[in-house]
Amino acid sequence: MNNTISDIKITKCQSSKINEVDFENLVFGNIFTDHMLLCDYKDGVWQQPEIVPYAPFLMDPSSKVFHYGQAIFEGMKAYKDAHDDIWLFRPDQNFDRFNKSATRLAMPEVPEEVFIGGLKQLIQLEKDWVKHGNGSALYIRPFMIATGHGVIAAPSTEYRFMIILSPAKSYYSGEVKVIIAEHFSRAANGGIGAAKAAGNYSGQFYPTKLANEEGFQQIIWTDDATHTKLEEAGTMNVFFRINDVLYTAPTSERILDGVTRKSVIDLAKREGIQVEVRSVLVDELVQAAKDGSLKEIFGAGTAAVINPIAGFSYKGEYFELPKMENSFAQEIKTKLTGIQTKELEDTFGWTVKV
Ligand SMILES: *Cc1c(COP(=O)(O)O)cnc(C)c1O
């Protein structure tokens with residue numbers, strides 16, 4: 001895979017802010033490294049990518065992203081192993097998904113040399129920001145916005161692709177209780193739910209705020225037409241363990257094709273866990289909670305990797321999940337993060353050296 005580009009223009013910052021950062025007490029996605037990558041698209045072509053000091057930049061108030069939300073992103077992580085080598089986890093998957101999102105939002109596809117090649121060069125430059133062990137990682141945020149000016153409701157002709165990097169510790173969200181959506185929807189058939197579009201997130205904020213006010217951290221989204229099928233947990237894919245079988249919904253136009261999700265499925269199967277990819281009905285979940293066969297629910301996504309759920313509420317009734325000793329969630333998380341950090345052998349060939 002020839003995806004290193006020699007013609008990235010690099011402008012280094014004058015002094016690093018790394019010594020001001022308390023790496024033991026990082027708030028997720030709050031601090032960024034010294035440099036960022038940017039690449040503009042205009043006149044139908046991608047311009048020369050540049051790595052520049054991390055800084056704000058000017059935009060025209062009529063830029064289409066402000067008015068019509070033409071914006072997409074990705075979330076990835078890089079880890080440093082015991083030999084100081086830095087590894088990405090399945091970056092090809094994020095690259096492919098980014099361009100699928102771009103197509104859905106009528107945006108241009110980003111070349112692999114810019115996305116993957118540019119990312120590798122940026123990480124090389126920021127390698128001291130990636131720390132060893134114990135959940136430490138570099139969170140990677142590639143994104144693209146419509147920078148073209150004018151409020152006519154049409155796709156922009158100019159775009160900016162960027163990558164910013166944020167040092168992260170292992171993500172612990174505390175005890176997560178969820179409420180099953182009965183009215184609001186995250187995505188609809190024919191919509192943009194399968195794209196990592198900014199608007200999918202803003203649409204979730206209000207229903208999630210209402211759930212927070214009722215004491216729940218997240219919403220389990222159901223299908224928009226009938227609200228009978230369980231689809232995603234907040235901004236993560238969701239898994240259910242009933243007896244010793246692990247269930248997750250098939251991806252669709254309404255469900256994001258998560259890299260963590262597909263890795264969990266493969267890993268669980270390798271560990272001898274029975275996995276069934278099929279829709280799980282809300283009624284089934286309630287029934288399983290009542291008869292005691294529901295053992296676990298967990299979310300899966302890059303930021304938290306695996307996020308166990310303590311209980312769920314449906315139609316005003318709360319169901320607490322049992323406290324599991326040897327949970328699938330814990331077993332899978334240990335194995336998956338072991339592969340990501342190179343502490344365990346990567347038999348799948350998922351990790352890619354920077
Ligand atoms: C990003 C995202 C996920 C998780 O995808 P990963 O590739 O595992 O990080 C799941 N659901 C939604 C809605 C997302 O935006």
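**View 1. The ligand sits in the largest pocket of this predicted model.** Around the ligand stand 14 residues. K196, Y201, E232, T260 and T302 are the closest of them. Sorted by type, the shell holds four nonpolar, six polar and four charged residues.

View 2. Y201 places a polar side-chain atom 2.5 Å from a ligand oxygen. For T302, an N or O atom of the side chain lies 2.6 Å from a ligand oxygen. How much of the ligand's accessible area does the protein cover? On its own, the ligand has 380 Å² of accessible area, and the protein covers 97% of it.

**View 3. The whole chain places the close-ups in context.** Seven helices and 20 strands make up its count of these elements. How does the radius of gyration compare with the globule rule, and what is the value for this chain? The radius is 21 Å, close to the 20 Å that the rule gives for 354 residues, so the chain is as compact as a globular protein of that length. Along the principal axes, the C-alpha atoms fill a box of roughly 60 × 55 × 35 Å.

Notes. Residues are numbered from 1 along each chain as its sequence is written. This is a predicted model: local features need pLDDT of at least 70, side-chain atom pairs count only at pLDDT 80 or more; totals for chains, interfaces and linings use all residues. Side-chain values use heavy atoms; hydrogens and water are left out. A residue is near a molecule or strand if one of its heavy atoms lies within 4 Å of it. A polar contact is a pair of N or O atoms within 3.5 Å; within protein, one must be able to donate a hydrogen and the other to accept it, and residues adjacent in sequence count only if both atoms are side-chain atoms. Accessible areas come from the Shrake-Rupley method with a 1.4 Å probe; for residues, only the protein chains shown count as cover. On a 1 Å grid over the protein atoms alone, a cavity is a set of points where a 1.4 Å probe fits but cannot get out, and a pocket is an open set with protein on both sides within 12 Å along at least five of seven lines; lining residues have an atom within 4 Å of a point. A molecule sits in a cavity or pocket if more than half of its atoms lie within 2 Å of its grid points. Ala, Val, Leu, Ile, Met, Phe, Trp, Tyr, Cys and Pro count as nonpolar, Asp, Glu, Lys and Arg as charged, and the others, Gly among them, as polar. Helices (H or I, at least four residues) and strands (E, at least two) are DSSP runs, numbered from the N terminus. The radius of gyration is taken over C-alpha atoms; the globule rule is 2.2 Å times the number of residues to the power 0.38.
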